[in-house]
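Welcome! Have a go yourself before reading on.

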Amino acid sequence: MSDRLNEMQSSARKDKTDLTDAMEMEIAAVVRIYEYVGTPEWQSVVDRLAHTANVYVAGFQTERGLAQYFANQMQYLRDRVMLLDLASGNFAEVLASDQDACLVIFEARRYSRMAKVLAQEAQAAGVPVTIVTDLFCDWARDTADEVFVVPTQFNQFWDSTAQMASLSNLLINSVCMELGPAVEDRLSRFAKLYGSITGHVGDPVATIAK
């Protein structure tokens, strides 16, 4: 790691070509993500996320934030979207339940052992699994119904999972379109609740409850 850092620092002092190359790679990654939309795999996931009774989302290590972002955004669109509790150590809410459910996992190297085990156990339990991961994950396709591979190397010191967030935004948009006009009523209820309880800066409409 220190050798990589020293090399990048030396290169950055000489010229800015690394930065230009990184930008071009990120643009190519966005194009790749948009190419997923409209594929049979994409539509399968969208249908499942829109209509399955319970949607569970998991992320590990630095991808935990991506999972929480996706779950929180999905909760605006529909009921019963839950971020899995990692502290329980058993994932019983999804693995030991007879209710209709599906699972979305965000994961990138170095991969958490729990991510692979969770995917395997969910698959064995008949729970459909979707994995959003990087180009180097060699176990995802054996443990998931759909795998969306996202580039993460952009000539930077750390791998970047930013494009996973872009993919999750596209998924959320597709689910919103699948659910149709009913989403508007739910969003309005959420906005009213947030306005009356928390409030927004400069919002002259909502009265915060005392």
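**Exercise 1.** What span should the 18 residues of α7 have at 1.5 Å a residue, and how far apart are its end C-alpha atoms?

*Solution.* Before starting, note that this is a predicted model: local features need pLDDT of at least 70, side-chain atom pairs count only at pLDDT 80 or more, and totals for chains, interfaces and linings use all residues. Residues are numbered from 1 along each chain as its sequence is written, and side-chain values use heavy atoms, with hydrogens and water left out.

Step 1: Helices (H or I, at least four residues) and strands (E, at least two) are DSSP runs, numbered from the N terminus. The expected span of a helix is 1.5 Å times one less than its number of residues.

Step 2: For α7 this rule gives 26 Å, and the end C-alpha atoms are 26 Å apart, so the two values agree.

Step 3: Look just past the end of the helix. Gly180 follows α7 and has a positive phi, near 80 degrees.

**Exercise 2.** Which residues of α7 are buried, and which elements do they pack against?

*Solution.* Step 1: Buried means under 20% relative accessible area, exposed means over 50%, and partly exposed lies in between (1.4 Å probe, protein chains only).

Step 1: The buried residues of α7 are Gln163, Met164, Leu167, Ser168, Leu170, Leu171, Ile172, Ser174 and Val175. To read this list, remember that an α-helix has 3.6 residues a turn, so residues three or four places apart point the same way.

Step 2: Contact means heavy atoms within 4.5 Å. The buried residues of α7 pack against the helices α2 (17-36), α3 (40-51) and α4 (64-77), and against the strands β3 (101-106), β4 (129-133) and β5.

**Exercise 3.** What is the order of the five strands in the open sheet?

*Solution.* Step 1: Two strands pair if DSSP finds at least two bridges between them.

Step 1: The order is β2-β1-β3-β4-β5, with parallel pairing. At the edges are β2 (81-83) and β5, each pairing on one side only. From one strand to the next, the twist averages 15 degrees.

Step 2: Now follow the bridges. β1 (residues 54-59) pairs with β2 over three bridges, and Tyr56 has Met82 in β2 as its bridge partner. Between β1 and β3 there are six bridges, with Val55 opposite Cys102 in β3. Four bridges join β3 to β4, and Ile105 is partnered by Ile131 in β4.

**Exercise 4.** Which residues point one way from β3, and which the other way?

*Solution.* Step 1: Recall that in a regular strand the side chains alternate between the two faces of the sheet.

Step 1: Ala101, Leu103 and Ile105 point one way, while Cys102, Val104 and Phe106 point the other way. Six of the six residues of β3 are buried.

Step 2: Take Leu103 as an example. Not counting residues up to four places away in sequence, Leu103 touches several residues, including Tyr56, Leu84, Leu118 and Val129.

Step 3: A nonpolar core is a set of buried Ala, Val, Leu, Ile, Met, Phe, Trp, Tyr and Cys residues joined through side-chain atoms within 4.5 Å. The largest one here has 52 residues, and Leu103 is among those with the most contacts inside it, along with Leu49, Phe70, Ile105, Leu118 and Leu167.

**Exercise 5.** Ser160 and Ser97: is each one buried, partly exposed or exposed?

*Solution.* Step 1: Ser160 is in the loop between β5 (146-149) and α7 (162-179). Its relative accessibility is 14%, so Ser160 counts as buried.

Step 1: Ser97 is in the loop between α5 (92-95) and β3. Its relative accessibility is 28%, so Ser97 counts as partly exposed.

Step 2: Compare their polar atoms. A polar atom of the Ser160 side chain lies 3.3 Å from the backbone nitrogen of Ala162, and the Ser97 side chain reaches the backbone nitrogen of Gln99 at 3.1 Å. A polar contact is a pair of N or O atoms within 3.5 Å; within protein, one must be able to donate a hydrogen and the other to accept it, and residues adjacent in sequence count only if both atoms are side-chain atoms.

Technical notes:
Axes fitted to C-alpha atoms, helices over the stretch in contact; angles between N-to-C directions.
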